[in-house]
Every structure is written in C-alpha cells, then in structure tokens.
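Please keep the sequence and the model side by side while reading.

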Amino acid sequence: MTIGIACIGYGYWGPNLVRNFARQMDCQVYVVCDSKPENQIRIHRDWPMVKVVADAMEAIHDPRIDAVLLATPVATHHPLAMAALRAGKHVFVEKPLAGSVAEAEELVAFAASQQRILMVDHTFVYTPAVQKIHELIRTGTMGELYYYDSTRVNLGLFQTDVNVIWDLAVHDFAILKILVPEQPVRILANGVSHFPDTPQGMAQICVEYASTFRAFINVSWMSPVKVRSTLVGGNRRMLLFNDLEPSEKIRIFDTGIKQILGTQESDRFRMDYRMGDIHIPHLPVTEALMNVATVFLDAILHNTTPLTDGQVGLDGAENRPPIPPPFFFNT
C-alpha cells in the first residue's frame with residue numbers, strides 16, 4: 001500500500017516535512033499547498049513532479065490523498081485538521097496541536113470516532129538523544145529522579161500567534177510526558193513581554209509533581225546566544241543533554257549526593273558527594289524527523305498508536321498555563 005500525502009504549508013517547517021516523507025518507501029507526496037506565490041515557486045523548484053495548489057481544501061479533498069500534514073499557523077490547526085478528518089484523512093499536525101484545550105479535545109475525540117490517526121510532531125521525542133535518556137531512566141541507570149532543568153533560548157524568531165512558552169517550552173512538556181511516568185500536579189509560570197502588543201518573549205516555568213521531582217524550564221526569544229541544554233539529575237547518575245553538540249550530545253556523570261544520617265543533631269546536614277567518571281554514549285546519526293515520518297506511516301499501515309498521538313498533544317495543552325486574552329502574564 002502506498003499512502004498518498006498532502007502537505008499544507010511550505011514556509012519554515014513544511015520543506016522539512018516534504019523532504020522526509022518523500023524519502024519514505026510507503027508513501028508518495030502528491031500535493032503541496034501554500035497560498036504565498038513565493039512559496040509556490042519554491043515548491044515547483046524543489047519538487048517539480050508534485051502538484052502545487054493554493055487552496056487547502058483542494059489538497060484535502062484530492063482523491064489520491066490518504067494523510068494530510070499541517071505545517072501552518074497554530075490558529076489554523078483546528079479548522080484544517082477537522083476538515084481533513086471529516087474527509088476521512090489521517091492527520092499529522094505541527095506542535096502545538098491546537099490553540100486551546102477545547103479545540104484539542106474536539107480533535108482527539110473526533111479522530112477516535114472516525115478511527116483516523118492523529119499525530120503531533122513533537123520531534124524532540126524521536127531524537128536518538130531523548131530516546132537514550134528514556135532508556136537510562138527506564139532501566140534504572142539514573143536511579144530516583146530528582147530534577148529536569150532545561151534552558152531553551154535564542155534570539156527570535158518572534159511569533160505572532162503564540163508566546164515563547166507555546167513555541168519552545170512545548171518541546172519540554174512533550175519530553176517530560178515521555179520521560180516521567182508521573183502526572184504534574186501544579187505548574188507555576190512567569191513571563192514578560194518587552195514590546196507593546198506582542199507575545200511574551202521570556203518565561204520561566206516550574207512543573208511540580210506529587211513526589212520531590214521537579215522540572216524547571218527557561219525559555220526565551222531574547223538571548224544573544226542559542227542554547228539547547230538540559231540537565232537531568234537522579235540519585236545514581238546525572239546527565240547533560242546539549243542538543244547543539246554535533247556528536248557528543250549526552251554526557252552521563254557518575255555523580256551523586258546523599259545525606260549522611262548520624263546520631264548527633266549536627267549530623268543532620270552532613271552530605272556525601274560522589275564524583276565519578278563521565279560516560280559519553282554513542283548515538284546513531286539519524287534525523288529525528290525521519291523517525292517521526294516512519295512512526296506516522298507505520299501507525300496508518302498497522303493501526304498502531306504513535307508515541308506522540310493526539311492525546312499527548314492534548315496533555316501538553318492541558319499542562320500549559322492558562323493564557324488570558326490576548327497573551328499570558330502581560331507584564
């Protein structure tokens with residue numbers, strides 16, 4: 001079976017989607033849609049054999065199409081995904097799934113009722129590095145988890161329809177959903193917009209759990225340097241995940257802290273620090289988006305549930321702090 005693909009949106013992320021799906025054995029990209037003439041020229045240049053259209057409905061209702069990829073602004077995710085699902089198509093949506101919890105809930109419920117695959121492109125979950133971290137946690141190598149501390153900052157790109165939390169922190173919410181078996185019990189967030197009538201460009205988030213595990217997330221569009229760094233600490237091992245490293249993305253530290261309990265009152269605050277070796281695991285050199293495409297197509301062919309299905313996208317929407325109109329925490 002060859003799965004017919006239509007991609008709607010050929011701006012920033014759409015070309016990456018088309019390129020990776022076009023390399024798959026089980027599908028054929030038949031249609032790419034974009035309303036901007038300059039993007040249409042790019043599509044013709046990059047994929048001369050693909051049909052180029054300006055109307056999303058024309059792409060969705062093309063009889064050759066089995067699945068629709070959405071790489072469009074967040075505000076369009078819900079109406080376009082619903083239109084595709086009503087047309088009987090499987091749907092692959094850029095993160096975040098939708099602009100509100102209510103919209104995400106409707107998409108998840110309707111996809112289930114139509115027995116269609118709804119998948120969210122949380123690409124980081126499919127990187128070899130995050131998969132390795134998941135393995136280290138699942139096998140007990142890290143021990144009891146203490147914290148997740150992420151810094152995800154760069155200069156721009158300012159978004160017009162979402163703030164920095166929805167743009168960058170959504171990656172961490174998806175990663176946490178995979179790595180941590182617990183559900184959060186509370187989220188504290190503070191953000192700031194430095195320019196009138198613009199979304200928040202900086203934010204700090206603390207995700208609290210019933211246990212002592214905590215996740216701290218720092219996101220910004222206003223950093224002079226790009227940083228993609230995450231620390232994960234456990235009572236047996238700690239690790240640094242630097243996504244900007246070309247090869248040595250993970251460093252595992254045989255480092256730990258434990259409290260020494262003595263008989264004297266003064267012993268209550270004595271700590272023992274263990275400083276051991278640093279291990280750098282070998283990770284396969286594969287593009288995460290290729291893994292994403294493979295998972296989506298496999299879910300369609302074999303009726304399996306993707307790791308980042310619509311429910312995960314809904315959970316991410318529910319975990320984001322509420323955003324009063326027009327934006328969250330205007331300060």
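## Terms and basis

A salt bridge is counted where a side-chain nitrogen of Lys or Arg lies within 4 Å of a carboxyl oxygen of Asp or Glu. This is a predicted model, in which local features need pLDDT of at least 70 and side-chain atom pairs count only at pLDDT 80 or more, while totals for chains, interfaces and linings use all residues. Residues are numbered from 1 along each chain as its sequence is written, and side-chain values use heavy atoms, with hydrogens and water left out.

## Salt bridges

The structure holds 13 salt bridges, including one between Arg 19 and Glu 287, with 3.0 Å from N to O. Because Arg 19 lies in helix H1 and Glu 287 in the loop between strand E14 and helix H8, this pair ties together parts that are 268 residues apart in sequence; helices (H or I, at least four residues) and strands (E, at least two) are DSSP runs, numbered from the N terminus.

Another salt bridge joins Arg 152 and Asp 172, also listed at 3.0 Å, N to O, and links strand E7 with helix H7 across 20 residues. Arg 152 is buried at 3% relative accessibility and Asp 172 is buried at 0%, where buried means under 20% relative accessible area, exposed over 50% and partly exposed in between (1.4 Å probe, protein chains only).

## Cysteines

The structure holds zero disulfides, a disulfide being a pair of cysteine sulfur atoms within 2.5 Å. For Cys 7, the nearest cysteine sulfur is that of Cys 33, 8.8 Å away. Cys 27 is buried at 7%, and its sulfur is 11 Å from the closest cysteine sulfur, in Cys 7, which is too far for a bond.
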